[in-house]
Amino acid sequence: MDFLTLVQVLDSTVRLSTPLLLACLAGLFSERAGIFDIGLEGKMLIAAFFSAAVAALTGNVWLGLLSGIASSLVLAGLHGLASITFRGNQLISGVAINFLAAGITVLIAQDWFQQGGRTPSLIGGGRFAPVELPFAIGASEAEAAGRPLSQLLAEASPLQQVYSELISGHSILVYLSFLAVPLTAWVLFGTRFGLRLRAVGENPAAVDTAGISVVGLRFAAVGICGVLCGIAGAYLATALQAGFVKEMTAGRGFIALAALIFAKWRPWHALSACLLFGLLQALALRFQSINIAGVSVPVQLMEALPYILTVVILAGFVGKAVPPKAGGEPYVKER
Amino acid sequence: MEKMPKWADVVLIPLISLLLAAALSALVILGIGEDPIEAVKTMITGALGSTYGWGYTLYYATNFLFTGLAVSVAYHAGLFNIGGEGQAMLGGLGVALICLFIPWPHWSIALIVAAIAAGLFGAAWAAIPAYLQAKRGSHVVITTIMFNFIAFSVLNYMLVNVLKPQGAMDPATARFPEAIHLPSLHEILLPLGINFSKSAPANVSLLVAIAACFVVWLLIWRTWLGHEIRAFGKSESGARYAGMSPLKITMIAMLISGALCGMMAINNVMGEAERLVLNSTEGAGFIGIAVALMGRNHPFGVFLAALLFGFLYQGGAELALWSSIPRELIVVIQALVILFTGALDNMVRMPLEKLFIAVRKEKA
C-alpha cells in the first residue's frame with residue numbers, strides 16, 4: 001500500500017466516521033440522562049429521507065437539513081412520550097421507532113417520487129458541496145490545470161496530499177461533527193445543565209429533591225439526541241451520498257450504539273471509537289480481503305469486528321463498561 | 001385490590017391497542033392517497049380468500065409462532081430477547097448442515113434431527129449473551145443486537161466461502177435432496193379429501209409449531225422450572241431470596257428462547273426454500289417481538305397474534321402486487337403494534353384503570 005492509498009483510506013475513514021460520531025454523541029446525551037435509545041438507527045433513517053426529499057423538491061440542501069432534523073425530532077418526541085411521559089419500556093419504544101422509520105420512509109418515498117422507495121439523485125445545491133480549504137488541491141485547481149484531480153494529487157508532495165485529501169475537501173457537516181466533540185464534552189462536564197443532565201441519569205430522585213424537573217431535563221436530552229441524529233441522517237443522504245435509498249443507514253445506528261458502549265459513555269472516547277469503526281468500514285469497503293502476516297482476513301470479519309469488539313468490552317475483559325445507573329428506568333415521583 | 005378485571009387486561013387492552021394501530025395505519029394509507037377499505041378487502045381476499053392465500057398465511061404464521069414463543073419465554077424471565085433474528089439465522093445454518101451432508105432415508109427422521117440441530121445452533125447463539133447477562137451484567141438487549149449483526153457476517157461468510165456450490169453466483173447452498181422434502185399441507189390434507197393449494201409453502205412444521213405452543217404452556221405454567229422462571233421475571237431479588245439461582249434461570253430461559261428461534265429454520269429453510277439463502281429469516285425474529293407483545297406472552301395469545309401477523313404478511317404481499325401500496329406498509333403496522341402494545345401500554349392502561357375504578361365506586 002503506497003502513501004497516497006493510505007491517505008485515501010484515512011480520508012474515507014473520516015467520511016464514514018462522521019455519521020457514526022453524530023449518532024454516537026446523540027446517544028451519549030440521551031443515555032447520560034437515563035434514557036436508553038436503540039432507536040438511533042430509525043431517527044437517522046427518517047432524517048436521511050426527509051432531508052433528501054426536501055432537498056430534491058426545493059433544490060436547497062439547508063432546507064433539507066432542517067426537515068431532516070425536524071423529522072428526527074418528531075420520532076425523538078415519540079420516544080420521550082413513551083419512555084418519559086408514559087413510563088413505557090425504552091427498549092421496546094426504540095424497536096418500534098426503528099420499524100416505523102424503515103416502513104414510513106419507503107411508503108412516502110414511493111408516494112412522492114414513484115422510484116421504488118428512493119428519492120431522485122440530488123444535484124447542485126441539493127447536496128452539501130465539499131469545502132476546499134485555502135492552498136488545497138481541489139476540483140477548481142484540476143479544472144484550471146485541465147487535468148484530472150487524481151493525477152494532480154499523485155504528483156503532489158506527501159504533505160500536500162495529506163492536506164488536500166484528508167483535511168480539506170469534506171462537507172461542512174464533517175467539520176461540524178468533529179467540533180461537536182469538544183462542544184459535547186464542554187456541555188456535559190463544564191456547564192450546570194450538563195451536571196444536572198448527568199445527575200438525572202445517575203440519581204433522578206436527588207435531582208427531583210433539588211427542585212429541578214426530571215421530566216424537563218430528560219426531554220431536553222432526548223431533544224438534543226433528535227437534533228444530532230437528524231444531522232447524521234441528513235449527512236448520509238445529502239453529503240456522503242446523493243439521495244435517499246431504502247434502508248440506507250444499514251445498521252450505522254447500531255454501530256454508533258456499539259461505539260457509545262466502547263467509549264464507555266465519554267465524548268472524547270466516542271471520537272476514537274467512531275474513528276476506529278469508521279476505519280474498519282473504510283477498509284472493508286476498499287479491500288475484499290486483507291493479508292495480515294500471511295493470514296487473509298475475510299471482509300465479513302471486518303464488518304463484524306465493531307460488534308465483536310463491543311461484546312468483548314461489554315463482557316468486561318478490557319475494562320468494565322458501566323452504563324449510567326438510572327438508565328432504562330422510568331422515574332416515578334414518590335408520593 | 002386489582003385495579004382491573006383480568007379480562008380487561010388480557011383482552012380489552014390488546015384489542016384497543018390493535019384498533020389504535022389499525023386506525024393510524026388507515027390514516028397512513030389515506031395519507032398516501034389510497035383507500036383503506038379497498039386495501040383491507042384486497043388483503044382479506046389475498047390472504048384468506050383461497051387455500052393458496054391460507055397456505056402462505058399459515059406459512060408465515062409458523063415462523064412467527066416460533067419467534068413469538070421465543071420472545072415470550074425470555075420475557076417471562078424478565079429478559080428481552082431481541083436477538084431472534086440472529087438465532088434463527090444460525091438455526092438455518094444448523095438445518096443446512098444436517099440436510100446437505102447426511103443422506104437421510106426419510107423426511108421424518110431428517111425433520112427430527114434437523115429440528116434438534118436448529119434448536120442447538122439457535123440456543124448456542126443465545127448462550128453467550130445469556131452468560132454475559134448473568135455473570136457479567138452486560139445488558140442482554142445490547143449483546144443480542146450485536147449478535148444479530150455477527151450472525152449475519154457468519155452466515156455471509158459460510159455461504160460465500162464455504163457452502164456455495166462451485167460456479168454458483170448467488171450466496172446460497174445447493175438444493176437439499178429430494179428425499180427429505182417435507183410434506184406440504186396439500187400432501188397432508190389430500191388423504192382427508194381436502195384439496196389444499198399445491199403451490200403454497202405451508203408444511204408439516206406448522207404442526208411442530210403448534211406442538212411447541214403446547215409445550216411452552218406446560219413448561220411455563222405447569223412445571224417447577226416455569227414457576228422459577230416466572231418468579232425470577234417478577235422479582236429477581238425475591239427469587240434469589242427463595243434460593244433460586246439467577247445464573248441457572250437466565251441461562252435456561254435464554255437457551256430455550258434461542259432454541260425456539262433456531263427451530264424456525266425447519267419451516268423457512270427446510271420446508272419452504274429447501275436450501276439456505278442469505279436473507280432466509282426475512283425479519284421474522286423481530287416480528288416475534290410484536291407477536292409476543294400482542295399475545296400477552298401467553299402461548300394461546302401468541303398463536304392468535306402469529307395468525308394475525310401471518311395474515312398481515314400475506315395480505316401485504318398481495319396488496320403490493322395489486323395496488324401501488326408498497327410492502328413496507330406491513331412494517332409500519334408492525335411498528336405501531338409494538339408501539340401501542342409495548343411502549344405506550346400505559347397510555348391505554350391508565351385511562352382504562354381510572355374508568356374501572358370509577359365504575360366500581362359508583363356500584364359500591
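This is a predicted model: local features need pLDDT of at least 70, side-chain atom pairs count only at pLDDT 80 or more; totals for chains, interfaces and linings use all residues.
Residues are numbered from 1 along each chain as its sequence is written, and chains are lettered from A in the order in which they are written.

In chain B, helix H1 (residues 6–31) packs against helix H15 (residues 328–343) at an angle of about 145°, the axes being 9 Å apart. Helices are DSSP runs of H or I with at least four residues, and strands are runs of E with at least two, numbered from the N terminus. Axes are lines fitted to C-alpha atoms over the stretch in contact, and angles between N-to-C directions run from 0 to 180 degrees. Residues making this contact (C-beta atoms, placed from the backbone, within 7 Å) include Leu18(B) and Leu24(B) of H1(B) and Ile333(B) and Phe340(B) of H15(B).

The contact between the chains takes 35 residues from chain B and 37 residues from chain A. On the chain B side, H6(B) gives the largest share, 11 residues.

For chain A, an unreviewed UniProt entry lists transmembrane regions, among them residues 20–38 and 90–109; such annotations may be inferred rather than shown by experiment. Residues 20–38 of chain A are 68% helix and 0% strand, with end C-alpha atoms 14 Å apart. Residues 90–109 of chain A are 100% helix and 0% strand, with end C-alpha atoms 28 Å apart.

Methods: Two residues are in contact if their C-beta atoms, placed from the backbone, lie within 7 Å.
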